[in-house]
Structures are given as structure tokens and as C-alpha cells.
Amino acid sequence: MDLFLGLGIGGIVLLAGSLVFDGVLEGVFDGALDGLFDGWLSLPVVAGFVSMLGFTGAIVLGTTGLGPGAAAAAGAAAGAVAGWSTYRLSRALARDTGGAAPRHGELLGSAGTVVTAIPADGYGEVLLRLGGQPVKYAATADGPVALGAEVWVTATPSSTSVGVRAVER
């Protein structure tokens, strides 16, 4: 029982280590095994296998009348499932390419609020939302725009400034 619990705890420690030392086991072989195991020899996969082997073996040994051999077999089967699941999850997360960062050009046509009045021949400031986050930009307009006025973005001449027009209601 102590061996199985030790394996389970060791797997959890290895998993915690994988959070800190991500990719170390892959780097130990310095690329010699690239493509051979295709992610199967990663710390999270090994940790999942070892911890499930240990904890499942301890549970089988402690709750049934089966011996250590049967407990090790059940633990190995559960460990293989945990390792395979970890491998599949890590591959799915690695393929996820959604959620591209918002671009400055996406501001065109968006609404905002003037936070520093815009003079006729100079810059003021507007508060816009880019990717759901409030961002303050320098702003120009064809005519003066008062503090607190709602504006629409008509141009994005640089990454820090926009051209706006007042919203007429």
C-alpha cells in the first residue's frame, strides 16, 4: 500500500513540477526523440500516469481482497487512461488558435466618449473599447467636440490616435 501511495504522491509532485519546469523532460533528450513519442513523453502525461497508477493501485489494494499484482494491473490501466486523456487535452489546447488579439484598425466605426475636449485645430482624448477593454486615444475632429460628447471613430491614422466625429442625435 505504501508503494502505491508513494507513486500517487510522487505523480502529484511531478505534476506540480511540470507547471514550474514545463518542457524539461522533452529537452533532456535535446531533440533526439522529436516525433518519436509526439508528446507522450511530457511531464504532465507521465505525472498523470504515475499518479493514477499509484492511487488506483492503493484503492484496489485497500478495498478488495486482490493482491498487489491485480492492484498494479488496475493502476496501470487507470494510468494509461489518465496519460492518454492528458495527452489528448494538451494536444487540443496546443491546436487552439482562436482569440486573435484585437487590432488598432478594428476601432473604425466604434463609439466612444470624449474625456478631454477636442479643439478645432488640435488633439483631445477619447475613451474607446478595444477587445472589451477601455483604452484612451488622442483624437482629432473636424470641429471642436465638448467633454463628455459621444463620438464615432472615422479614421485610425496611428496606433495612438484616431479621427472622430460627434454623434448627432
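Trainee: What makes the salt-bridge count come to one in this predicted model?

Mentor: The rule asks for a side-chain nitrogen of Lys or Arg within 4 Å of a carboxyl oxygen of Asp or Glu. E125 and K136 meet it at 3.8 Å, N to O. The count by this rule is one salt bridge.

Trainee: Why can two such side chains pair at all?

Mentor: Side chains of opposite charge can pair when their charged atoms come close.

Trainee: Which parts of the chain does the E125 and K136 pair link?

Mentor: The pair links distant parts of the chain, 11 residues apart. E125 belongs to strand β2 (residues 124–130), and K136 belongs to strand β3 (residues 133–141).

Trainee: Why is E125 called partly exposed?

Mentor: Buried means under 20% relative accessible area and exposed means over 50%, with partly exposed in between. E125 has a relative accessible area of 30%, so the term for E125 is partly exposed.

Trainee: Why does K136 count as exposed?

Mentor: The relative accessibility of K136 is 51%. The cut-off is over 50%, so K136 counts as exposed.

Trainee: How much of the protein is buried?

Mentor: Buried residues make up 27% of the 169 residues. The protein exposes about 10300 Å², and carbon and sulfur atoms supply 64% of that area.

Trainee: In what order do the five strands close into a barrel?

Mentor: The order is β1-β2-β3-β5-β4, and the pairing is mixed. From one strand to the next the twist averages 55°.

Trainee: How do you know that β1 pairs with β4?

Mentor: Pairing needs at least two bridges between the strands. Three bridges join β1 to strand β4 (residues 150–155), so the two strands pair, and they run antiparallel. Within β4, V151 stands opposite G112, and E150 is the bridge partner of T113.

Trainee: What makes β1 and β2 a pair?

Mentor: β1 and β2 share three bridges in the antiparallel sense. At least two are needed, so β1 and β2 pair. T113 stands opposite L127 in β2.

Trainee: How do you know that β4 and β5 pair?

Mentor: Four bridges join β4 to strand β5 (residues 161–166). That meets the requirement of at least two, so β4 and β5 pair, and they run antiparallel. W152 has R165 in β5 as its bridge partner. β4 and β5 form a hairpin, with five residues between them.

Trainee: Where is confidence lowest, and where is it highest?

Mentor: Helix α2 (residues 24–28) is lowest, at a mean pLDDT of 60, and strand β1 (residues 111–116) is highest, at 95. The protein averages a pLDDT of 85, and 84% of the residues score at least 70. Where pLDDT is low, the predicted coordinates should not be read in detail.

Notes
Residues are numbered from 1 along each chain as its sequence is written. This is a predicted model: local features need pLDDT of at least 70, side-chain atom pairs count only at pLDDT 80 or more; totals for chains, interfaces and linings use all residues. Side-chain values use heavy atoms; hydrogens and water are left out. pLDDT is the predictor's confidence in each residue, from 0 to 100. Buried means under 20% relative accessible area, exposed over 50%, partly exposed in between (1.4 Å probe, protein chains only). Axes are lines fitted to C-alpha atoms, for helices over the stretch in contact, and angles run from 0 to 180 degrees between N-to-C directions. Accessible areas come from the Shrake-Rupley method with a 1.4 Å probe; for residues, only the protein chains shown count as cover.
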